[in-house]
Amino acid sequence: MPTLVNYSGDDEFYSGGSCYPNPGRLLSIGSQVNVYYPSSKRARISAPFAFEGSFFEQVTKPSIEVLPDECLFEILRRLQGGKERSSCACVSKKWLMLMSSIRRTEMPSKLENEVVSSGDVEMIDSDEDQELKSDGYLTRCVEGKKATDTRLAAIAVGTSSRGGLGKLLIRGSNTIRGVTDLGLSTIARGCPSLKALSLWNVPSVGDEGLYEIAKGCPLLEKLDLCQCPSVTNKGLIAIAENCPNLTALSIESCSKIGNEGLQAVGRFCLKLQSVSIRECPLVGDHGVSSLLSSTSSVLSKVKLQALNITDFSIAVIGHYGKAITNLTLTGLQNVSEKGFWVMGNAQGLQKLVSLTITSCRGTTDGSLEAMGKGCTNLKQMCLRKCCFVSDNGLVAFAKVAASLESLQLEECNRVTQAGIVGALSNCSTKLKSLTLVKCMGIKDITSEVSMPSPCRSLRSLSIRDCPGFGSVSLAMVGSLCPQLQHVDLSGLYGITDAGFVPVLESCEEGLVSVNLSGCLNLTNEVVVALAKFHGGTLESLNLDGCRKITDASLAAIADDCLLLSDLDLSKCAISDSGISVLSCAKQINLQVLSLSGCSEVTNKSLSCLKKLGETLVGLNLQHCNSISSRTVELLVESLWRCDILA
């Protein structure tokens with residue numbers, strides 16, 4: 001009897017015979033049964049029939065689907081090459097999950113080597129969740145509705161032909177079919193070379209998933225857990241015990257991870273170099289101190305935020321942080337002045353280079369001076385919302401911090417102009433950068449003040465959103481810093497031409513970048529002076545919101561600013577005439593130009609903007625209501641290499 005069904009899986013019949021030799025006709029089968037086969041569509045045979053005499057009987061179709069999962073598993077694990085494995089995984093969800101359950105070690109040794117060396121492409125190759133980092137890791141990032149167990153299984157199978165993932169980031173989870181321990185298990189089995197895992201807001205992943213990762217990915221080096229409420233100390237302990245190469249650990253808002261997990265990390269992960277722990281209510285002194293004392297020889301970066309730790313943990317940092325170079329302490333409400341004082345005087349932070357302290361009540365004048373003395377190699381100091389630091393502490397710190405290169409103060413409202421001037425005159429010859437942000441205690445001094453010796457090392461001055469900082473303060477600070485190259489005065493609506501022009505005149509080195517955004521009272525006089533004194537070095541100028549700046553400033557820029565590449569004129573009072581003058585400059589080489597909110601720039605500037613666009617890579621025309629959409633279209637067509645915002 002001829003064979004009726006092609007078991008290869010397609011819809012074609014073998015040439016041995018067909019039950020419908022003449023489609024579209026009424027056929028006689030036997031003597032009693034008539035069957036009509038329409039010519040418009042070929043019937044799909046789902047249950048073959050064998051015909052004998054005047055009756056027919058149904059024959060069961062042989063199918064691989066009837067095999068138990070154990071048999072399918074044995075067949076699938078012997079597939080050769082990544083393309084074959086990926087193709088089989090596409091057959092059904094059942095096959096996909098079976099493929100993803102196969103560990104590399106469960107393949108025959110010959111096939112395992114073939115899979116590793118195969119150059120086949122992954123079955124799912126989407127730009128939205130694929131990225132190959134410069135460090136050589138094959139990276140995937142899945143987020144939102146795409147973050148499902150099925151997606152992870154597909155990634156595990158598809159990347160196995162390329163050695164498996166090196167880095168996986170999961171951001172969020174599908175609200176209906178989110179990532180669970182099952183999905184993480186498929187990654188553990190298919191990607192034994194995984195080195196970095198980041199889980200953000202995946203509430204259905206718990207200890208079992210981390211246990212599978214720990215067992216299947218012993219080469220793991222970086223672990224990031226954020227908003228994982230189902231992960232407890234057990235999961236972290238499993239990672240610690242099975243991943244001795246762990247070098248970076250970040251735990252944030254994990255309500256069930258506490259001291260026991262951190263103690264295990266300190267005991268087993270002796271290569272740990274970076275740790276960040278934030279908003280974990282169960283973490284206390286025992287966990288932090290054990291972790292720091294156990295890894296003191298290699299731990300170089302530490303970040304602790306909003307934890308229930310006391311002076312004891314901070315003292316441990318001062319004693320055992322011998323390798324720490326970067327330290328960030330934020331919102332430690334139970335740490336007092338004594339803790340910071342001990343940390344500084346313990347003499348253990350000799351390698352500390354960068355220190356950031358935010359919203360810690362224990363940071364006072366006394367503890368600040370102690371940290372300056374004890375951290376002899378400190379180069380970068382940032383104090384945010386330290387309400388008990390005053391002028392005395394700042395000046396004392398500046399005197400003893402011999403290696404300080406960068407000082408940043410944000411919302412330190414007890415610091416006044418006297419403290420800033422005192423710090424500048426008493427700091428080391430290495431200080432290069434000073435930043436003040438929202439320091440409300442700084443006010444202009446009306447009385448005569450003796451001028452201290454200048455700070456000739458300072459190259460960058462940033463004073464932002466300090467409403468009391470006016471022209472008098474600016475003139476004084478400018479005279480103290482004659483070597484400035486970078487100036488940021490954004491948000492200082494109190495300064496005027498009279499305060500800023502002397503700064504421009506006193507700068508001995510040419511200014512490279514100037515940010516005057518939000519300085520409402522500055523006029524063309526400042527820009528003309530800037531172009532005159534520093535036009536040969538100026539590369540970046542931001543005049544966003546300077547409403548008194550007009551076309552006269554553009555004329556000065558066009559004549560003297562030969563190196564200017566970034567110009568922001570947003571919300572300035574410039575017009576088509578100014579744009580025309582700017583476009584006629586012979587040597588100007590603008591790359592980024594912002595005209596956002598310049599209502600007096602119209603369609604008449606089309607040709608000038610095209611001319612400027614020969615060198616532009618970025619052009620901002622947002623909120624330019626006098627420029628039509630057609631003009632924007634023409635610009636886009638002619639300046640196709642330029643990123644135009646409109």
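A salt bridge here is a side-chain nitrogen of Lys or Arg within 4 Å of a carboxyl oxygen of Asp or Glu. Keep that in mind for the close-ups below, which come from a predicted model. By this rule, the count comes to eight salt bridges.

**View 1. Glu-508 and Arg-456 form a salt bridge.** The closest N and O atoms of this pair are 2.8 Å apart, which is within the 4 Å cut-off. Where do the two partners lie? Glu-508 is in the loop between helix 17 (497–506) and strand 20 (513–515), while Arg-456 is in the loop between strand 17 (433–437) and strand 18 (460–464). They are 52 residues apart in sequence, so this pair ties together separate parts of the chain. Glu-508 counts as exposed, because its relative accessibility is 51% and the exposed class is anything over 50%. Arg-456, at 43%, counts as partly exposed.

**View 2. Glu-252 and Arg-278 link two strands.** Here the salt bridge has its closest N and O atoms 3.5 Å apart. Buried or partly exposed: which is Glu-252? With 22% relative accessibility, Glu-252 is partly exposed, and Arg-278 is partly exposed too, at 28%. Look for Glu-279 as well: salt bridges that share partners join Glu-252, Arg-278 and Glu-279 into one network.

**View 3. Glu-212 and Lys-215 pair up within helix 7.** This salt bridge has its closest N and O atoms 3.9 Å apart. Both residues sit in helix 7 (residues 207–216), and they are three residues apart, about one turn of the helix.

**View 4. Helix 6 is mostly covered.** How many of the ten residues in this helix (residues 181–190) are buried? Nine of them are.

Notes
Residues numbered from 1 in each chain as written. Predicted model: local features only at pLDDT ≥ 70, side-chain atom pairs only at ≥ 80, totals over all residues. Heavy atoms only, no water. Buried < 20%, exposed > 50% of the residue type's maximum accessible area, 1.4 Å probe, protein only. Helix = DSSP H or I, 4+ residues; strand = E, 2+ residues; numbered from the N terminus.
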